[in-house]
Amino acid sequence: MHQSKILGTGHYVPPRVMTNDEIAKMVDTSHQWIVERTGIHQRRIADPKVDIPSEMAYKATLKALEAAKLQPNDIELILFSTTFPDMFFPNTATQLQLKLGITNNCGCLDMNAACTGFMYAFTLADGLIRAGMYKTILVVGAEMTSGFNNWKDRNTCILFGDGAGVAILGRTPAGEKSGVKSHVLSGDATKGEHLMLRGGGAAIPINAENVGTDVQCVVMDGKEVFKAAVKTMASHAEQLLAEGNTSMDQVDWFIPHQANLRIIEAVANRFNFPLERAVVNVDRYANTSSATIPIAMDEAIRDGRIQRGQTLMLTAFGAGMTSGGALLTY
Ligand code: UT7
């Protein structure tokens, strides 16, 4: 059986910064409230004429290919996680294939597990590489959350941002240690109603009566999502450590989904895990849904915090409610 190795990572965020003060001009909120309750100071917002998900993913992938010293045609499969695809079909993975100039007819699959999507795609990629079916897989989390944000709802519009992060997974060369020690994927549909975007699909098509209403936007019960997030991420962390035969002390970096600094702190507190060893960028990018983990991981690799041979713990949760994580040697 093969092990998988993260050969290269990349990320891209659109240049437009939206501050809390700007949001306070649209809804009844303040910079102080947002910082105190979420840790978010600003987020990036994509210009849809320039940076739709396939385009952000393209820019992130160029950096990952360079880091991995690979060419676009080395990619054998694209697993593209997004909650807001370029369009219903063709899927966004094919749009990325086109932009990258890939001519090998590699497989192209979109995946939606909301904010957990990257962990689902990453775990599938790891499994396919372990099984020997593929050698090189591009795993993407790319999101234009501004497209479904309700800019009149202070409960949600403060929370989200746009961006893309990618990881290229390949076979671990003989003699190297990189690989996934344990993983977890889960879903609890009984809590699905707490975070939804209901319209635009077969159940509630957008029509003349509901266009412009909140069926086109994210709706959330923040308190319920908060509680579920802390509980699930903490229990997943415990499971990852037990199944990976690893103690919290041996984890060099904790890379959690970036939704709210208080959620990250609450999870870290349960394990007495020092916040200095958690990778946090929610202050600058807010919640970029399935892009948060690959963006955070790439930043920490590029600035030298994450080193080869170190142990990383990734955990995510999102609408569904879906959740997942992985413990791995980088
Ligand atoms: O990937 C998953 C995505 N979602 C999440 O992870 C969200 C998880 N939930 C959260 O992060 C938090 O629940 C929020 C940040 C959304 C809300 O924070 P909270 O501490 O749970 O606030 P709350 O909902 O209990 O609201 C407290 C008060 C309320 O006023 P009253 O009823 O006490 O008068 C809200 O109306 O704060 C009010 N409030 C705001 N005030 C200023 C809610 N949103 C805002 C706001 N600015 N943006």
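Visitor: Where does proline 90 lie?

Guide: Proline 90 sits in the loop between strand S4 (77-81) and helix H4 (92-100), where helices (H or I, at least four residues) and strands (E, at least two) are DSSP runs numbered from the N terminus. This is a predicted model, in which local features need pLDDT of at least 70, side-chain atom pairs count only at pLDDT 80 or more, and totals for chains, interfaces and linings use all residues. Residues are numbered from 1 along each chain as its sequence is written, and side-chain values use heavy atoms, with hydrogens and water left out.

Visitor: What joins phenylalanine 89 and proline 90?

Guide: Most residues other than glycine have a negative phi, and most peptide bonds are trans. Here, phenylalanine 89 and proline 90 are joined by a cis peptide bond, with omega about 0°. A cis peptide bond also joins glycine 320 and methionine 321, with omega about -10°, and methionine 321 is placed in the loop between strand S12 (311-318) and strand S13 (322-329).

Visitor: Which value does phi of alanine 114 take, and is the residue buried or exposed?

Guide: Phi of alanine 114 is near 50°, a positive value in a residue other than glycine, and alanine 114 belongs to the loop between strand S5 (107-111) and helix H5 (117-130). Alanine 114 is buried, because its relative accessible area is 11%, and buried means under 20%, exposed over 50%, and partly exposed in between (1.4 Å probe, protein chains only).

Visitor: What about asparagine 272?

Guide: Asparagine 272 has a positive phi near 55° and is found in the loop between helix H7 (261-270) and helix H8 (282-285). Asparagine 272 counts as exposed because its relative accessibility is 70%.
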